[in-house]
Amino acid sequence: MNAATTFRKPLSKRFAAAAALLGAMALAQAQGTAAEALQATAQRLSTVDAKWRDAFAAFDAADKVKPVQPGGVLFVGSSSIRLWDDLEQQFQALPVLVKRGFGGSQLSDCAAYLDRLVVAYQPRLVVLYAGDNDLNAGRTPQQVLQSYVSFVDGVHRALPDTRIAYVSIKPSPARAALLPAIQEANALIRAHAGQDQRLDYIDVYQPMLDAQGRPRAELFREDRLHLNAQGYALWHDLIAARLR
């Protein structure tokens, strides 16, 4: 055995040891990254009200499966957005469409979680429907306006060029007693939206009334609160016309 051979054996052992060390470090780093991701998700969910955790966990899971590209159109709000089953198909011509509705939520909830619901996706346009449940919970039209302003201001602090289209609070037979408050809240939001070119107001209230000024029952499911296919078809036409 010559000196070169004697030298190569320990050298190869050193390379093997180094490779093993690097592999262990890479594995540890990957495990650490995964653990950090899980911890970050847990921390995010811990800050969410318990009644929304399942919804936000579903949003997180969907984002992992199909990461959302910035610059799209985001539909966000309460159950009228969540239950719009074929929304993606009806608006498939829009680039990068994202639906993030969580049933039972109020406009105040959308404002509270706007970092996760809106800012994280960096959309060019937000279509927002909420406020219905706020009034039903006893909040005043002025408080609904305050939540809308908080939502708008929060989005524009992070995304100053993002447009926001507010879909007016709908008139439903189940909440006919709230029609005066709904009209007032809609008028307040419409007036505010008219002061900023980045804001739009889409009126679905008036087209959903019959000749006597009552909510059109044929647009609603049996619960007289949520839209049926005919109601969503009307919404699609009204919203699509404004988005164009």
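Modeller: A residue counts as buried when its relative accessible area is under 20%, as exposed when it is over 50%, and as partly exposed in between, with a 1.4 Å probe and protein chains only. This is a predicted model, in which local features need pLDDT of at least 70 and side-chain atom pairs count only at pLDDT 80 or more, while totals for chains, interfaces and linings use all residues. Residues are numbered from 1 along each chain as its sequence is written, and side-chain values use heavy atoms, leaving out hydrogens and water.

A salt bridge is a side-chain nitrogen of Lys or Arg within 4 Å of a carboxyl oxygen of Asp or Glu. The structure has nine of them. In one, Arg-116 pairs with Asp-60, with 3.0 Å between the closest N and O atoms. This pair links distant parts of the chain, 56 residues apart: Arg-116 is in helix α6 (residues 114–117) and Asp-60 in helix α2 (residues 53–65). Helices (H or I, at least four residues) and strands (E, at least two) are DSSP runs, numbered from the N terminus. Arg-116 and Asp-60 are both buried.

Another salt bridge joins Asp-63 and Arg-100, at 2.8 Å from N to O. Asp-63 belongs to helix α2 and Arg-100 to strand β2 (residues 97–101), so this pair ties together parts 37 residues apart in sequence. Arg-100 counts as buried because its relative accessibility is 9%.

Arg-198 and Asp-196 also meet in a salt bridge, 2.8 Å from N to O. Here Arg-198 counts as partly exposed, because its relative accessibility is 29%.
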